[in-house]
Amino acid sequence: MINIALIGSTGSIGVQTLDVAARYPDKFRVVSLAAGANTRAFFNQVEKFKPSVATLAAPIPEDFKLSHGETRFFSGEEAYLNAVTDNADIAVVALVGFIGVKAVLKAIEKGKNVALANKESLVAGGALVMKAAAEKGVKIFPIDSEHSAVWQSLGFDTEKPYKKIILTASGGAFRDKPLSELENLTAEEALKHPNWNMGKKITVDCATMVNKGFEVIEAMWLFGAPLEKIEVVIHRESIIHSMVEYDDNAVIAQLGAPSMEIPIQLAISGERLPVKTPPLDFAAIGNLTFGKVDEKRYPCFYLALECAKKGANYPCALNAANEIAVNAFLDGKIKFTDIYTVIYKTVRATEKREITSLALLEAEDCTARKTALKIIGELNDEFIA
Ligand code: MG
């Protein structure tokens with residue numbers, strides 16, 4: 001039996017993790033749940049999985065607590081840290097955004113292996129996270145589909161020598177829009193991903209392709225890869241989830257229908273269990289295509305690579321500015337193309353500082369958020385003027 005602490009239970013990955021757990025009740029038990037503000041879904045999950053601990057950022061009514069005496073409840077902004085329980089074998093961290101880093105560090109501190117869906121924790125705090133994990137002998141298993149594909153293509157051996165990691169990218173919702181139209185595309189349009197059904201933030205991150213930049217940084221940390229050993233190709237069909245090239249130029253790839261079931265199951269169990277996702281029908285798929293990442297269409301991707309190269313606090317500033325910009329875009333406060341402007345100006349205003357503690361990381365994140373908000377204010381002033 002694998003006991004799962006699920007941090008971020010009501011988002012896309014959280015819900016799919018619970019699907020997997022419910023399908024194999026003899027293999028998995030959900031011992032804790034942590035959610036944010038999606039109260040109704042959280043209540044249903046507590047009802048169904050009867051975890052020993054359940055935490056919610058929003059308040060939990062007393063009568064609900066009383067009628068679920070088998071569960072200990074915590075609420076408040078940092079309540080999720082209580083969801084890394086002693087009885088867990090693995091912590092699935094499926095929160096969205098920077099806050100994930102605290103959950104990952106808490107799990108490592110408690111000696112729990114981590115199944116990681118929160119890429120922002122590695123983008124912003126990769127140095128801290130990987131150092132802490134090495135010190136505690138904790139393993140980090142990727143749930144991100146590209147990194148799961150790399151892990152599978154390495155035969156689950158992250159020490160295996162390879163020449164190159166090749167990450168694939170669909171190109172997101174706006175890959176076929178004329179460049180001149182990008183400026184005025186709406187949040188609603190950005191949320192229509194051609195291949196994957198995911199949460200809002202990551203879908204916008206796919207449209208700008210900052211997501212693929214994040215995934216390059218994530219791969220650097222997970223596989224100890226220098227930037228030069230990672231290549232990104234546009235692969236519109238999202239059938240090849242990523243590849244590894246070896247010294248003899250042989251390339252091993254992982255293919256499958258776009259579904260997170262396989263990465264989730266592998267990360268929490270290491271086993272190849274049957275899934276709901278149908279098998280590939282190659283004759284029906286026809287062609288697989290590959291292409292370059294267009295610099296004009298995806299400037300956020302190249303900016304992310306630049307931050308990866310600079311290292312230190314730059315990826316943290318990139319991530320913070322992106323979170324602020326994407327929220328502003330989703331709220332209709334800035335244009336799609338302003339996401340790049342906000343990140344670019346924030347990164348340019350950032351001075352290089354090494355991050356050696358969580359306190360320093362949080363300070364860098366906070367500084368970059370303030371800078372990004374100020375830039376958004378200035379953009380809107382210009383707009384009004
Ligand atoms: Mg991914």
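Modeller: Start with Glu215, which is buried at a relative accessible area of 1%. This is a predicted model. Glu146 sits in helix α6 (residues 145–153), and Glu215 in helix α9 (residues 210–222). These two glutamates are 69 residues apart, so the pair links distant parts of the chain. Glu146 is buried too, with a relative accessible area of 9%.

Now the nonpolar core. The largest one has 124 residues. Ile7, Ile108, Phe223, Leu318 and Ile343 have the most contacts inside it. Helix α13 (residues 314–330) gives the largest share, 9 residues. Take Ile343. Beyond its neighbours within four places in sequence, Ile343 is in contact with Val210, Cys300, Leu303, Leu318, Ala321 and Asn322.

That brings in the cysteines. The disulfide count is 0. For Cys307, the closest cysteine sulfur is in Cys300, 10 Å away, which is too far for a bond because a disulfide needs the sulfurs within 2.5 Å. Cys316 is in no disulfide either; its nearest cysteine sulfur, that of Cys366, is 10 Å away. Both cysteines are buried: Cys307 at 1% relative accessibility, Cys316 at 0%.

Methods
Residues are numbered from 1 along each chain as its sequence is written. This is a predicted model: local features need pLDDT of at least 70, side-chain atom pairs count only at pLDDT 80 or more; totals for chains, interfaces and linings use all residues. Side-chain values use heavy atoms; hydrogens and water are left out. A nonpolar core is a set of buried Ala, Val, Leu, Ile, Met, Phe, Trp, Tyr and Cys residues joined through side-chain atoms within 4.5 Å. Buried means under 20% relative accessible area, exposed over 50%, partly exposed in between (1.4 Å probe, protein chains only). Helices (H or I, at least four residues) and strands (E, at least two) are DSSP runs, numbered from the N terminus. Contact means heavy atoms within 4.5 Å.
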